[in-house]
Number of protein chains: 4
Amino acid sequence: MTDLPSRRMRLGLVGGVGGSAVGSSHIAAARLDGRWELVAGVFSRDPGRTQAVARELLIDPARAYPDFNQMAAEEAGRSDAIDAVTICTPNDTHFEIANAFLDKGIHVICDKPLALSVEQACGLRAKALETGLVLAVTYTYSAYPMVRMARDMVADGQLGPIRAVHVEYASHYQTERFAPKDWQHDPAKAGLLGVVAALGTHAFHLAEFVSGLRVETLAADLASLDPDHPLDDHAGILLRFEGGVRGCLMCTSVAHGHENGLALRILGSKGALVWRQEQPDFMVFSPGAGPSVLLTRGGPSSSASANRMTRIAAGHPEGYLEAFANLYTAIARVIARGGEGQDGADFPTAHEGARGVAFMLAAFRSAHAQTAFVPLDL
Amino acid sequence: MTDLPSRRMRLGLVGGVGGSAVGSSHIAAARLDGRWELVAGVFSRDPGRTQAVARELLIDPARAYPDFNQMAAEEAGRSDAIDAVTICTPNDTHFEIANAFLDKGIHVICDKPLALSVEQACGLRAKALETGLVLAVTYTYSAYPMVRMARDMVADGQLGPIRAVHVEYASHYQTERFAPKDWQHDPAKAGLLGVVAALGTHAFHLAEFVSGLRVETLAADLASLDPDHPLDDHAGILLRFEGGVRGCLMCTSVAHGHENGLALRILGSKGALVWRQEQPDFMVFSPGAGPSVLLTRGGPSSSASANRMTRIAAGHPEGYLEAFANLYTAIARVIARGGEGQDGADFPTAHEGARGVAFMLAAFRSAHAQTAFVPLDL
Amino acid sequence: MTDLPSRRMRLGLVGGVGGSAVGSSHIAAARLDGRWELVAGVFSRDPGRTQAVARELLIDPARAYPDFNQMAAEEAGRSDAIDAVTICTPNDTHFEIANAFLDKGIHVICDKPLALSVEQACGLRAKALETGLVLAVTYTYSAYPMVRMARDMVADGQLGPIRAVHVEYASHYQTERFAPKDWQHDPAKAGLLGVVAALGTHAFHLAEFVSGLRVETLAADLASLDPDHPLDDHAGILLRFEGGVRGCLMCTSVAHGHENGLALRILGSKGALVWRQEQPDFMVFSPGAGPSVLLTRGGPSSSASANRMTRIAAGHPEGYLEAFANLYTAIARVIARGGEGQDGADFPTAHEGARGVAFMLAAFRSAHAQTAFVPLDL
Amino acid sequence: MTDLPSRRMRLGLVGGVGGSAVGSSHIAAARLDGRWELVAGVFSRDPGRTQAVARELLIDPARAYPDFNQMAAEEAGRSDAIDAVTICTPNDTHFEIANAFLDKGIHVICDKPLALSVEQACGLRAKALETGLVLAVTYTYSAYPMVRMARDMVADGQLGPIRAVHVEYASHYQTERFAPKDWQHDPAKAGLLGVVAALGTHAFHLAEFVSGLRVETLAADLASLDPDHPLDDHAGILLRFEGGVRGCLMCTSVAHGHENGLALRILGSKGALVWRQEQPDFMVFSPGAGPSVLLTRGGPSSSASANRMTRIAAGHPEGYLEAFANLYTAIARVIARGGEGQDGADFPTAHEGARGVAFMLAAFRSAHAQTAFVPLDL
């Protein structure tokens, strides 16, 4: 990891921590390069639980707040205020919390989906642009070094013009060691979409991120196959990108034995790439002529932007937290320079957050229109 | 391989032999269990080439015919007539040739797609039923032992009710060692469909064969992504099986580095299976509880019908020709008992051939109706 | 498969057929290219069982013999005598049976180990040289196309001077579908060596075959780790090849879950190769500069000698029987030209058979001399 | 990660940081769970470079020392002295530096090999025991969750009595992204052993750690195969563990394309395990009966001690830094309770460090005695 900012940032967090809660991953990732220190937070709706987590995290009890509004207000008033807040709460609360912190001049790092409507997402984006604050969206998988390398290879024309993009995310919530996130099955908190919001938006982002192409229309068949899932738990989605490029996207949470089976295949006229999240240090490149090539993180063909996002020698595996840390360090760089240049930066911003929302709502509309092709509203 | 018929069958073949021509695979497969002997054929439109191939194959020159009509007529008149004929010609000729041999009372083994229209396919099926002759369709992949085991496991309820079936066939004709089959890009010979006919029908058959479920409707997005391909070379197809089971099918011939990347994933309420044709001796079974299990051909959990289709010890790989041979031996068994019971036999028949044709034409109709869901006409 | 001989050879077989008996593999392999027909044999010590097998194999009952001496004598007297005999009996009988057929002017194809002593093996070799008869030894693994390609790449200098060769064969007889070969645990039939004879000789041959280097000395630690195994079932062997090249060889039959885990790694100053028997169509080549390359059978970089030994398109897997068939076809070619040039031919001969015997006996001597380095006596 | 100590420890570091230097990995690993803060160090023999690194690391310049003696002395005198020092310098300096800090009452975390002689290592161990200070040795690979699970499974008898242990470490220093550690080829700094010290000691530790068995004697064949390597770069080592258990160990640094190819296979009478460092979240368990099982980190069969060492959900890969962090957190726990119980703790101590030294020197002795079996001197 190179090009670190010259000071350590102060981080706050609103969201669950411990067990399977994703807050723990945010915190560990933020620590890895030594450029963030967690100093404040709301870690539960239960203030007592928040205090207990704060003790575990060695945080000043005075900065373990009962709710996010109080946190935003009090932190904004401190001379050692947090530089940024991480929001990793259920989907339905992202909009309100992000607004509260942006209003207080605090940079925001938000889990996907950024909001429940495109209007909300665009509103947040407008506020971030207006205030010059960072509004990052944690599409973590896009920060794996090999994903960056894939993007570089496409941009460099090593695959030729892209013809098709295949992406899938097969999982089974119950295969995880930790308990499933119950709110993901609760329409009141998750929104209109189930697995499409939880996993599909990641797959969609990866497809656009690596190909550098925008999806124009999609046709989606959503289903709830497990009777215990009120929202969609399986989706087959046909994508049409700009220029007639085709795509297939599948996501499901009813795939026994599949943990976080996110996989990408990108086909160009001159070559193809295949990458799998569960073995993120490897990627197969098939040039149009000659045999396939096994690319490794940190290996002899690593691209500059991939190398910038790796810390250890090839063959010593990096994983999810390292990818996540890449986002935190990239965000710190932008904050250190006052927020400038975030759209060209190394992390997804509100624009990509809004496209994710547009994607999931387009899938919903298509599914309710007999799988007709519908445009993305953004 | 057990339960061999008590005599050796005489086989004729109409189709190309040598180089990349699939005829060579038919012949090698037929030989493997010692129950077929190739004795006659039309190996080219060029009679001189047919004679040359016959010499190479050690066949009596008198039985190397200039055309299939003459072959059918002369063979039918011999006391040592062929028992069956293999048809491995371009798609547009299957119907006519199959008819000619059925009319002479000769059993038929035909490549897929069985015909270019459902009507043709059903006509052939009717004739086979009427005459009691075998009309086998070589969906070869369904004869791998692990595919049989997958089917058994589904039928036994080890996966619980099926929820979704994912199948894909990613390939690049140019990655093959041998020259591509040029006629596959010629609408006059291939028919209306390109990769959907060439590869998609295999994927479709595999999905129905293993799941034991019928596809009721489908929505297809077909594209020709390589400008040199007049017919479709990429398809994303959403499937709906009986009972609301969902499916995703992708097939393409523009996937550099992909050779014969046929893969199946089947998700049930109690477990999931994953199988890949390029490593056919392995299959991963993920039960709902506990870790995934690596099943191997001939290994400790092999099912009876899988074991019936394997010849050598576990860890000594079997491949495509062995799967193909399984079909030939299964066909020989039925012919040996006079053709009875072919629909319950171990090989695909005209019914499955007709469904493949219905599938590809439904995909064509859907693609020309803005990817609307359309029913399979059979 | 190209360059087929112009006639079909008549084959006899002495050895068990059916179930796990290796005879069945010999027969299927011999059939594959249509250049061998099994016409005679001794298939059991029990003449009744031999007759039953002959019926199953559609062989003339008059050529199903009660013992190998009678078979050699009677066949030699027929105008349609067998061209060659396959010997796949327990180790202790190879010498006697091979002698009997060579004495009658019949070519011999013998399982490894060729004999129980170097003297026996050299005696057989001398007789073959004298008579001009083929004496082939079925080191089957050396006939996989990718193994041929590996050998070509080494010979072409693509790896630079070889530095080290690692080879292992991990198995567990009980993991096989079929019953273990009981005689392999019987010193009276197997000889002095257990797993070193059964599996180690294959690994040793592969190491010499691909590297093109001769092992000069070795140091072996043999053990019987399963109390039910009177002979060695685990061996760690350090090899020193000519020129100071190092080698490590491990073989064992007590590796639960390992079926036929034969694997080869060859390290040169300019590159490295890795190949695994259980996925024989793949090989990884790591050049000194740049990333590793995934080579596939029939793929874009296949060598001429590899392509000569493959039948079907890349991505349609070939397996063990196809490798085995490569030996049979190569042997037929030499027999068709009267036995000339067998040492430069595409199959292992008595010389390699004798080296295998020398290897296993050297391992035995070393193990009984506190693992001292000992020379191979040949 | 559970059971965190109740305060954050202060860490010092003596060793190179940046680029390929392992110091960067120590620092990142120490940060991950938020229980260590790096506050002091000697980061180079060049004081200017040390100051520059300190700036990059946001460390007080006053605690960036010109040499380790000064650091030990000054830190010992501070009220906010470091709790522990990490030593990641060339092998020849470990002993002296470790002594210096132990003498000042500071806990020590040292890279392997702990020292250049068994006497040195035992001296350090005696001092640690006497003073009650922690002396941890960073056999990092032993801290992967799946390695812990393997150890648990062996200890629980799931494999039955162990019969054999195979371990290898194939690498090529030049395949790493970063420059090789030049001193590893300098006998003056590295000691008598090259790859055996650098990689072999890791493999040896893993073998003993997982099996729970002690190696009693070994026979080693060492070679320097690359003319640029004055020390051994290839070793084949036969191991004999207590109770007659056999082992094979291979390590090399001349394996092109191999990055950190550490792999373990452990064979018991009732089952077998295979684990590979480059895909550390997976392990294959082959029970004596039934098919092999694919175990995943955090998956349904994870053992308690494995789960204690994992932070994120299954399918979100963990890597080398997470394993390394497991050591740091385990060390922090023991320091937090005053150093008690370090031998029963979750990290390797001086005893294991000393055995590693004994192993490498035994290999040296054996190699200079014609590969005779020699005992480990400890």
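Predicted model: local features only at pLDDT ≥ 70, side-chain atom pairs only at ≥ 80, totals over all residues.
I begin in chain D, where β1(D) and strand β3 (residues 84-88) pair in the parallel sense over five bridges. Two strands count as paired if DSSP finds at least two bridges between them. The strands, like the helices, are DSSP runs numbered from the N terminus (E, at least two residues, for strands; H or I, at least four, for helices).

Residues are numbered from 1 along each chain as its sequence is written, and chains are lettered from A and ligands numbered from 1 in the order in which they are written.

Strand β1 of chain D, residues 9-15, is mostly covered, with six of its seven residues buried. Buried means that 20 or more other C-beta atoms, placed from the backbone, lie within 10 Å of the residue's own.

I turn to chain A as a whole. Chain A has eleven helices and 14 strands, and 65% of its 378 residues count as buried.

Next, the interface. How many residues of chain A are in contact with chain D? There are 40, and they touch 40 residues of chain D, contact being defined as C-beta atoms, placed from the backbone, within 7 Å. Two elements of chain A, α1 (23-31) and α10 (320-336), each give two or more residues to this side. The largest share, four residues, comes from α1(A).

How are the two copies related? Chain A can be laid on chain D with an RMSD of 0.0 Å by a turn of 180 degrees and a shift of 0.0 Å along the axis, the superposition being by least squares on C-alpha atoms of residues with pLDDT of at least 70 in both. That is the relation of a two-fold axis. Moreover, 100% of the interface residues of chain A are also interface residues in chain D, so the copies meet through the same surface.

Note on methods
Contact = placed C-beta atoms within 7 Å. Buried ≥ 20, exposed ≤ 12 C-beta atoms within 10 Å, placed from the backbone.
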